[in-house]
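Hi everyone, thanks for having me. I'd like to walk you through one structure, so please have a look at the screen.

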Amino acid sequence: MCGARVARAAALRYPPLMAMFPTDELEALLILRAKMGRAITYGEVFQWFGHPFVRFQVGQLAAALTLVDESQRALGRPEL
């Protein structure tokens, strides 16, 4: 499945995630940090998107990260 189709399918499955952690912005952030050679914590991701770190929302971030990984895999790239 190509990256665009994965993203569309994800948007249908996980619409609330798109509002909290837009996968295109999340992917760009992860790529930026990878290019810098720096890891990023969940707390930093929450801060980047302007959300307080709330434990129950970590699952939403994990799901968004899964979508980013699926998109990267579909493009033949390594997981971020």
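So, how much accessible surface does the chain have, and what share of it belongs to carbon and sulfur atoms? The accessible surface comes to about 5100 Å², and 58% of that belongs to carbon and sulfur atoms. Those areas come from the Shrake-Rupley method with a 1.4 Å probe, and for residues only the protein chains shown count as cover.

Before I go on, some ground rules. This is a predicted model, so local features need pLDDT of at least 70 and side-chain atom pairs count only at pLDDT 80 or more, while totals for chains, interfaces and linings use all residues. Residues are numbered from 1 along each chain as its sequence is written, and side-chain values use heavy atoms, with hydrogens and water left out.

About that pLDDT: it's the predictor's confidence in each residue, from 0 to 100. The mean for the chain is 82, and 78% of the residues reach 70 or more. Confidence is lowest in helix 1, residues 3-13, with a mean of 55, and highest in helix 4, at 94.

Now the overall layout. Helices (H or I, at least four residues) and strands (E, at least two) are DSSP runs, numbered from the N terminus.

How much of the chain is buried? Of its 80 residues, 34% count as buried. Buried means under 20% relative accessible area, exposed means over 50%, and partly exposed is in between, using a 1.4 Å probe and protein chains only.

And contacts? If you take the contacts in the chain with a separation of 6 or more, 62% of them come from residues 24 or more positions apart. Contact here means heavy atoms within 4.5 Å.

Let's turn to the aromatic rings. A pair of aromatic rings is described by the distance of the centres and the angle of the planes. Rings of Phe, Tyr and Trp (its six-membered ring) pair if their centres lie within 6.5 Å; planes under 30 degrees apart count as stacked, over 60 as edge-to-face, and the rest as tilted.

The structure holds three aromatic pairs. Why is the pair of Phe21 and Phe49 called edge-to-face? Because their ring centres are 5.7 Å apart and their planes sit at 85 degrees. This pair links distant parts of the chain, 28 residues apart: Phe21 is in the loop between helix 2 (15-20) and helix 3 (23-36), and Phe49 is in the loop between helix 4 (42-48) and helix 5 (58-74). Phe21 is buried at 0% relative accessibility, and Phe49 is buried too, at 14%.

Phe46 and Phe53 also make an edge-to-face pair, at 5.1 Å centre to centre and 65 degrees between the planes. Phe46 is buried, at 0%, but Phe53 is partly exposed, at 49%. Put together, Phe21, Phe46, Phe49 and Phe53 form one aromatic cluster.

Next, charges. Side chains of opposite charge can pair when their charged atoms come close. A salt bridge is a side-chain nitrogen of Lys or Arg within 4 Å of a carboxyl oxygen of Asp or Glu. By that rule, the count is two salt bridges.

One of them joins Glu44 and Arg33, at 3.8 Å from N to O. It links distant parts of the chain, with Glu44 in helix 4 and Arg33 in helix 3, eleven residues apart. Glu44 is partly exposed, at 29%, whereas Arg33 is buried, at 12%. Arg73 forms a salt bridge with Glu79, and there the closest N and O atoms are 2.6 Å apart. Arg73 is partly exposed, at 48%.

Which residue is buried yet has no salt bridge? That's Asp69, and its nearest side chain of opposite charge, Arg73, is 5.2 Å away. For charge, Lys and Arg count as positive and Asp and Glu as negative; His and the chain ends are not counted. Asp69 lies in helix 5, and leaving out residues up to four places away in sequence, it touches Glu79 and Leu80.

Last stop: Pro22, in the loop between helix 2 and helix 3. Pro22 is buried, at 16%, and its C-alpha atom is 7.8 Å from that of Ala64, 42 residues apart along the chain.
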